[in-house]
Protein chains: 2
Amino acid sequence: MKLITKDTDYAIRALSYLSLYPERIVTVAQLSRELDIPQPFLRRILQRLSAAGVLRSQKGKQGGFRLARLPDTIQLQEVIRIFQGPLTLMECLKNPKTCVNSSTCPLHRKMKEIQQDLRKKLDGITVASLSGKGAA
Amino acid sequence: MKLITKDTDYAIRALSYLSLYPERIVTVAQLSRELDIPQPFLRRILQRLSAAGVLRSQKGKQGGFRLARLPDTIQLQEVIRIFQGPLTLMECLKNPKTCVNSSTCPLHRKMKEIQQDLRKKLDGITVASLSGKGAA
DNA sequence: ATATATGATACTATTTTAGTATCATTTGTC
DNA sequence: GACAAATGATACTAAAATAGTATCATATAT
């Protein structure tokens with residue numbers, strides 16, 4: 001089982017890279033070479049990050065991508081949500097109707113605690129902290 | 001995204017139920033009715049738990065399943081591992097070769113911490129604690 | 001002997017993941 | 001204005017994981 005898929009993984013790597021040169025506009029082609037990620041796949045990933053407001057894009061010649069926000073405001077959990085939806089440990093935590101008695105089920109209660117804790121931890125990790133330019 | 005699949009979920013429910021009557025031998029048919037889980041699917045799940053040494057089975061007439069161990073020795077993480085393999089937050093934590101520089105990558109290091117913490121938490125949850133017959 | 005149970009395992013359908021391909025649009029440069 | 005270089009949008013495909021079903025073999029209580 002995996003918590004983080006390729007989309008998210010590649011997105012994080014790209015964001016980390018871009019955070020090293022916040023002013024620069026970088027093309028997909030460059031990033032693809034630099035990070036060794038298939039270009040068409042990376043392209044779609046960057047487009048989604050753009051649509052989500054994490055990146056800003058510039059169309060046309062001399063165009064490309066750069067961060068839309070400061071690296072320390074981009075949390076790992078936000079990136080996960082963009083590509084994988086909200087982090088949910090089990091179905092019944094997302095959709096309580098599928099659970100017979102979510103209010104009394106001890107598994108439900110315990111997993112909810114763990115999920116909250118995990119989310120908090122993933123909020124604590126930012127692009128800045130990953131590129132070594134922010135708090136450790 | 002989901003951390004816990006149906007197999008694991010159903011397995012936990014079955015184990016919780018069985019822990020309420022540790023002496024009794026219960027058939028798949030009974031459990032299937034009681035927990036409202038499709039019988040053939042539940043059956044395969046119980047067989048895997050048997051093979052893994054979590055349940056003990058009795059073949060033939062009057063046969064069925066019961067816990068092979070005390071409820072407080074069956075950890076949630078063990079059940080997850082049986083059905084989903086070892087809990088791994090990202091590919092490069094399972095298979096460091098796929099990672100360019102796992103020793104220096106900050107994401108790798110942070111995710112490893114989180115994974116260890118999560119595993120510890122899932123070890124703390126036992127079948128006993130879920131059926132309310134052990135420590136809360 | 002037979003009905004009732006599990007053991008083992010092969011099969012199928014659906015969903016998710018991982019990636020490709022393509023046409024449309026924008027924009028800097030000549 | 002033409003053109004090349006870039007992203008926007010979106011449809012498509014292949015492989016893997018998930019969620020089951022089906023079936024034949026074997027053991028056992030009555």
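Two strands are taken as paired if DSSP finds at least two bridges between them. Helices (H or I, at least four residues) and strands (E, at least two) are DSSP runs, numbered from the N terminus. The model is predicted: local features need pLDDT of at least 70, side-chain atom pairs count only at pLDDT 80 or more, and totals for chains, interfaces and linings use all residues. Residues are numbered from 1 along each chain as its sequence is written, while chains are lettered from A and ligands numbered from 1 in the order in which they are written.

**View 1. The β1–β2 hairpin of chain A.** Strands β1(A) (residues 55–58) and β2(A) (residues 64–67) run antiparallel and are joined by four bridges. Leu55(A) lies opposite Leu67(A) of β2(A). Five residues separate the two strands of the hairpin, and Gly60(A) in the turn has a positive phi of about 80°.

**View 2. The surface near DNA strand D.** DNA strand D is surrounded by 26 residues (C-beta atom, placed from the backbone, within 6 Å), the closest being Ser57(A), Thr5(B), Lys6(B), Pro38(B) and Gly60(B). Two or more residues each come from α3 (39–51) and β2 of chain A and from α1 (6–20) and α3 (39–51) of chain B. The largest share, four residues, belongs to α3(A).

**View 3. Helix α4 of chain B.** Within α4(B) (residues 76–84), Leu76(B), Val79(B), Ile80(B) and Phe83(B) are buried (20 or more other C-beta atoms, placed from the backbone, within 10 Å of the residue's own). These residues lie on the same side of α4(B), because they cover an arc of only 100° around the axis (taken from the directions from the helix axis to the C-beta atoms). Gly85(B), with a positive phi near 80°, follows α4(B).

Terms used: Buried ≥ 20, exposed ≤ 12 C-beta atoms within 10 Å, placed from the backbone.
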